[in-house]
Every structure is written in C-alpha cells, then in structure tokens.
Amino acid sequence: MLESSRCCHLAEARTNIVPGEGDPNTRIMFIGEGPGKNEDLQGRPFVGQAGQLLEQLLGEIGLSRNQVYIANVLKCRPPNNRDPLPQEVEACWPWLRQQIEIIDPVLIVLLGRFAMERFLPGMKISNVRGKVLRRSIPEVGVKVFMPTYHPAAALYHREWTNPLREDFQKIPRILDLLESGGQDNSIDGGAEWDTLEIGNNKKNPEQGRLL
Ligand code: URA
C-alpha cells in the first residue's frame, strides 16, 4: 500500500516504513506522531519506551495492543526525531485516511499535539485532552475523537502521566456510550464539531450524552 514513489523525502532516510498495526476490526484506533528510532528499525509503531507506557495503559483497561489499531500521522521517521512538517503530514495523509476508512473505528484517540492538529486544528491539547469531540473530517466523514497527551510527553513531563491515565480510563465507557445509541451521526446546526459529555460522575453514571 505504501509505495516509495508516492512518499515524501522522509522515505530516503528511513530504514523501514511504519504503516501501523493491530486488529483491523477494532472499535478503537490510536494515532501518534511518527516513528522514532526503534520504530524505524523494526517497522512497527510504538515499540520503544512510549510504546511500553501505551501498552501499560491499555492493559489497565483490559486491552492489549493486538485488540486495537495503532498508527501514526507520519509513516517514516523524521531525521533526529524532529517535529513533523506540515507538508510531511499531508504527504502521509492518503495512507492514514485509508486506514481510517478501512478500520472505521468508533473512537479515535489522538496521542499528542501533532495527531490532534491533523484532525482538530487550532486546539490546545491542555484544553481539550480527555474531551470527546465529534467532527466531520474532509475525505473521511464524521468521526469521534479523544485527544490526550502523547505517552512520550508523559514520560518527559511526569505530571502528565496521571491525566493521560485518567483519559485512558474513560475509554471503555466512551465506547459503550457510543455503541449504545448515545451517538447521533448528524452534526447539529451545522456546527463544525460537538462535544460529547462523558460523565466521570459516579453519582449519575447515566450522564454521558451527546450535547
Ligand atoms: N511516538 C510516536 O508518535 N509514534 C511511534 O510509533 C513511536 C513513538
């Protein structure tokens, strides 16, 4: 699917393409930034320290990496792990778009600001992390997203680990709500995106509804 001839200049320096992996029939897709050194060497996403944290957080909600799908906005490692450039993100977009189309996840978890920026441009991760947003994406259609901190960022900023964990802990409930008719696939009043209120409210567990 990923032909070098259609890739950007990052293809020249990479060791392996890192397309993504997991269960194509999953309800949940995680999208990170791009391959690091370990991922580049192995051709698999999230296999380094950030991947270990991701697996741990998944395990805490009863999931293994084989039960979800894990991809990145970039399919090739940027030199020295520098930030992705907008043109690189766009060059990889056709593949990410097709992955979303094929997997058709109920929920997309955006790991970090570069994944968030591709789908929810202009938002600030500290403001929207853990929120559930429904948005219509050109070439993809209406999808439900939850942005959160990137596991690598949480390893660096230890104080982000608990917020990241809290966001992961919401995932089973979000999936249940989305699949139990809590989702109305139309975009109300032409608004560009809506927020799903997923209550962490133990007193009123029913409080999870689409606003
Ligand atoms: N960070 C990412 O964003 N993706 C990976 O695959 C590994 C680390």
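A quick term to start: a nonpolar core here is a set of buried Ala, Val, Leu, Ile, Met, Phe, Trp, Tyr and Cys residues joined through C-beta atoms within 7 Å. Buried, in turn, is when 20 or more other C-beta atoms lie within 10 Å of a residue's own; 12 or fewer makes it exposed, anything in between partly exposed, and C-beta atoms are placed from the backbone.

1. The core. The largest nonpolar core has 51 residues, and M29, I31, L107, I108, V109, L110 and F145 touch the most other members. Take I31: leaving out residues up to four places away in sequence, I31 touches A71, N72, V73, I108, L110, L111 and A115. Touching, or contact, is when two C-beta atoms, placed from the backbone, lie within 7 Å.

2. What you're looking at. This is a predicted model, where local features need pLDDT of at least 70, side-chain atom pairs count only at pLDDT 80 or more, and totals for chains, interfaces and linings use all residues. Numbering runs from 1 along each chain as its sequence is written.

3. The overall picture. The protein chain has eight helices and eight strands; these are DSSP runs numbered from the N terminus, with H or I for helices (at least four residues) and E for strands (at least two). Of the 211 residues in the protein chain, 40% are buried. Among contacts with a separation of 6 or more, 70% come from residues 24 or more positions apart.

4. The ligand. Which residues surround the ligand? They are G32, E33, G34, P35, G36, E39, P45, F46, A50, N72 and A152, near meaning that the C-beta atom, placed from the backbone, lies within 6 Å. This shell divides into five nonpolar, four polar and two charged residues.

5. Helix α3. A50 from the ligand shell is also one of the buried residues of α3, along with G51, L54, L57 and L58. These cover an arc of only 125° around the axis, which puts them on the same side of α3; the arc is that of the directions from the helix axis to the C-beta atoms. The opposite face, turned away from the buried side, carries the exposed residues Q56, G59 and E60. Covering the buried residues are, among others, α7 (151-156) and α8 (161-179).

6. Its length and its end. α3 (residues 49-60) has 12 residues and reaches 17 Å from its first C-alpha to its last, close to the expected 16 Å, a span worked out as 1.5 Å times one less than the number of residues. After α3 comes G62, whose phi is positive, near 75°.

7. R44. R44 sits in the loop between α2 (37-42) and α3, and is partly exposed because 18 other C-beta atoms lie within 10 Å. R44 touches V18, E21 and E39, not counting residues up to four places away in sequence. R44 and G20 are 24 residues apart in sequence but 6.5 Å apart in space, C-alpha to C-alpha.

8. Two backbone spots to check. Most residues other than glycine have a negative phi. D104, in the loop between α4 (86-103) and β4 (107-111), has a positive phi near 50°. D104 is partly exposed, with 15 C-beta neighbours inside 10 Å. E139, in the loop between β5 (132-137) and β6 (141-148), has a positive phi of about 75°. Is E139 buried or exposed? Exposed, because it has 10 other C-beta atoms within 10 Å.

Key:
Nonpolar A, V, L, I, M, F, W, Y, C, P; charged D, E, K, R; others polar.
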